Amino acid sequence: SKKFNINDISSKIINRNPSGPFTTSTLQQVSSSRLGFGASRTMQIAQKLYQGIEIDGETIGLITYMRTDGTNLSTDAIDTFRKYIKNEFGDEYVPDNAASYSGKKAKNAQEAHEAIRPTDIMRAPGTVKKYLSPDQHKLYDLIWSRALSSQMKPAQFDRVIIFSFPSEEAADSWWNDPEYQELSAHRRAGAEITLQRVKGMRSRG
């Protein structure tokens, strides 16, 4: 194993703002990267969640309209989200002011729709899982989590940066390694290792 000498350690708190609720395009992108669903598959599942799932003998639409360029949420939805966050996670996760993701004024009817969100935030993914197929549950969980987290405070991370350099013995060993010689033509010998420890709580989105 290679030996390193630690030259310096620094730490600072960084904030990461939550992402806005999904539009059609961002839902397709994240669904593809996280769930492996193609755009067509994503929209088929979203269509079913929008049209309605049978729950205890009643057909209930679980999400708002899924074909939208809108990034805003209704005032009522924001109020219920903030109350849910306060009750479930505590006041410290509720921002002083509601987050807004509205861009320019809507240019057409599609953009006038809300962003994609759960119709009722109280229907947490775990409470409706038994009524959904595995793929439906995965997509609903993605939509629910992203919408809820959009109204939470920024996540806080304690970023620790360790500057280290190989010891003389290790450096000699590396220098005689053909792979290291090739690598060193593109990079300096020093290595920066960044470790992030989540301090705040924000959902997977």
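Tutor: Start at M66, in the loop between β3 and α3. Helices here are DSSP runs of H or I with at least four residues, strands are runs of E with at least two, and both are numbered from the N terminus. The model is predicted, so local features need pLDDT of at least 70 and side-chain atom pairs pLDDT 80 or more, while totals for chains, interfaces and linings use all residues. Residues are numbered from 1 along each chain as its sequence is written, and side-chain values use heavy atoms, leaving out hydrogens and water.

M66 is buried, at a relative accessible area of 1%. Buried means under 20%, exposed over 50%, and partly exposed in between, with a 1.4 Å probe and protein chains only. What does M66 touch, not counting residues up to four places away in sequence? The list is T24, M43, A46, Q47, Y50 and I116. Contact means heavy atoms within 4.5 Å. H113 is 47 residues from M66 in sequence, yet their C-alpha atoms are 9.2 Å apart.

Two of those contacts, M43 and A46, belong to the buried set of α2, which also holds T42, I45 and L49. Seen down the axis of α2, the buried residues fall within an arc of 165°, so they line one face. The arc is taken over the directions from the helix axis to the C-beta atoms. The general rule: an α-helix has 3.6 residues a turn, so residues three or four places apart point the same way. S40 and Q51 are exposed on the face turned away from the buried side of α2. Cover for the buried residues of α2 includes α1 (24-35), β2 (53-55), β3 (58-60) and α6. Helix α2 has 13 residues (39-51) and should span 18 Å at 1.5 Å a residue; its end C-alpha atoms are 18 Å apart, which agrees. The expected span is 1.5 Å times one less than the number of residues. Just after α2, G52 takes a positive phi of about 135°.

The whole structure has 3 aromatic pairs. In one of them, Y50 and Y65 have ring centres 5.4 Å apart and planes at 65°, so the pair is edge-to-face. It joins distant parts of the chain: Y50 sits in helix α2 and Y65 in the loop between β3 and α3, 15 residues apart. Rings of Phe, Tyr and Trp (its six-membered ring) pair when their centres lie within 6.5 Å; planes under 30 degrees apart are stacked, over 60 edge-to-face, and the rest tilted. Y50 is partly exposed at 35% relative accessible area. Y65 is partly exposed too, at 30%. A further pair is F89 with Y93: centres 6.4 Å apart, planes at 75°, so edge-to-face. F89 counts as partly exposed at 29%, as does Y93 at 21%.

T23 lies in the loop between β1 (4-16) and α1. It is buried, at 8% relative accessible area. Its side chain makes a polar contact of 3.3 Å with the side chain of S25. A polar contact is a pair of N or O atoms within 3.5 Å; within protein, one must be able to donate a hydrogen and the other to accept it, and residues adjacent in sequence count only if both atoms are side-chain atoms.

The loop that holds M66 ends at α3. In α3, A77, I78, F81, R82, Y84 and I85 are buried. Seen down its axis, the buried residues of α3 fall within an arc of 160°, so they line one face of the helix. They pack against α6 (134-149). T75, D76, K83 and N87 are exposed on the other side of α3. The 15 residues of α3 (75-89) should span 21 Å at 1.5 Å a residue, and the end C-alpha atoms are 21 Å apart, which agrees.

Now the whole chain. It holds 8 helices and 5 strands. Of its 205 residues, 38% count as buried. Among contacts between residues at least 6 apart in sequence, 81% join residues at least 24 apart.
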